[in-house]
Amino acid sequence: MLISCNSCNSKYLVNSAELKPDGRNVQCANCGNQWFQESQVFDDNSKDNLISEVNDGSSLKQEKNKTSISNLPSTYVQEPKVSILNSILLVLFVILLIIFYWFYQKSNINSLVLIQFYINEFFFNLNMIINDIAKIIHQLIN
């Protein structure tokens, strides 16, 4: 069952069995507001009767949404907040990458060729070491 605070409109998913048959007092974890929440446990026939009695279209949609939620844990539902700082940092990072790439293209420095040479040399030496170790182990076993 989905309930919402009257004060701050925070939403909570609550098991309807926790509200007892007559309802109970609940407290908002966000703002501390307390209110009495009635239990809204319906069987299939009473759901159909309740939905058919509602004349307003928006109320009908709200009742359908309320009745469609079942077997959900008691959880505080917090809407995600957009971090403006992260968005600004991401845009700045992309701009810096573009500027770095442009500067690299204009400077005619072939450092990538040098880096590629050292990487290839490292893997060549690593391959030779592994082959030598394999030969030594093979000679020890045989």
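Tutor: Two strands are said to pair if DSSP finds at least two bridges between them. Strands (E, at least two residues) and helices (H or I, at least four residues) are themselves DSSP runs, numbered from the N terminus. The structure is a predicted model, in which local features need pLDDT of at least 70 and side-chain atom pairs count only at pLDDT 80 or more, whereas totals for chains, interfaces and linings use all residues. Residues are numbered from 1 along each chain as its sequence is written, and side-chain values use heavy atoms, with hydrogens and water left out.

Student: How many helices and strands does the protein chain have?

Tutor: The protein chain has 4 helices and 5 strands. Along the sequence, their order is β-β-β-β-α-α-β-α-α.

Student: What joins strand β3 to β4?

Tutor: Strand β3 (residues 24–27) and β4 are joined by 4 bridges and run antiparallel. Arg24 stands opposite Gln37 in β4, and Asn25 has Phe36 as its bridge partner there. The hairpin of β3 and β4 has 6 residues between the strands, and Gly32 in this hairpin takes a positive phi near 85°.

Student: Which residues make up the largest nonpolar core?

Tutor: A nonpolar core is a set of buried Ala, Val, Leu, Ile, Met, Phe, Trp, Tyr and Cys residues joined through side-chain atoms within 4.5 Å. The largest has 9 residues: Met1, Ile3, Cys5, Tyr12, Val14, Leu19, Val26, Cys28 and Trp35. Cys28 touches Cys5, Cys8, Ser10, Tyr12, Asn33 and Trp35, leaving aside residues up to four places away in sequence. Over the whole protein chain, buried residues make up 11% of the 142 residues.

Student: How many disulfides are there?

Tutor: A disulfide is a pair of cysteine sulfur atoms within 2.5 Å, and the count comes to 0. For Cys8, the nearest cysteine sulfur is that of Cys28, 3.6 Å away, and Cys8 is in no disulfide. For Cys31, the nearest is that of Cys5, 3.7 Å away, and Cys31 is likewise in no disulfide. Cys8, at 30% relative accessibility, counts as partly exposed; Cys31, at 38%, is also partly exposed.

Student: What makes the pair of Phe122 and Phe123 edge-to-face?

Tutor: Rings of Phe, Tyr and Trp (its six-membered ring) pair if their centres lie within 6.5 Å; planes under 30 degrees apart count as stacked, over 60 as edge-to-face and the rest as tilted. The count comes to 2 aromatic pairs. The rings of Phe122 and Phe123 have centres 5.5 Å apart and planes at 65°, so this pair is edge-to-face. Both Phe122 and Phe123 are exposed.

How values were computed. Buried < 20%, exposed > 50% of the residue type's maximum accessible area, 1.4 Å probe, protein only. Contact = heavy atoms within 4.5 Å.
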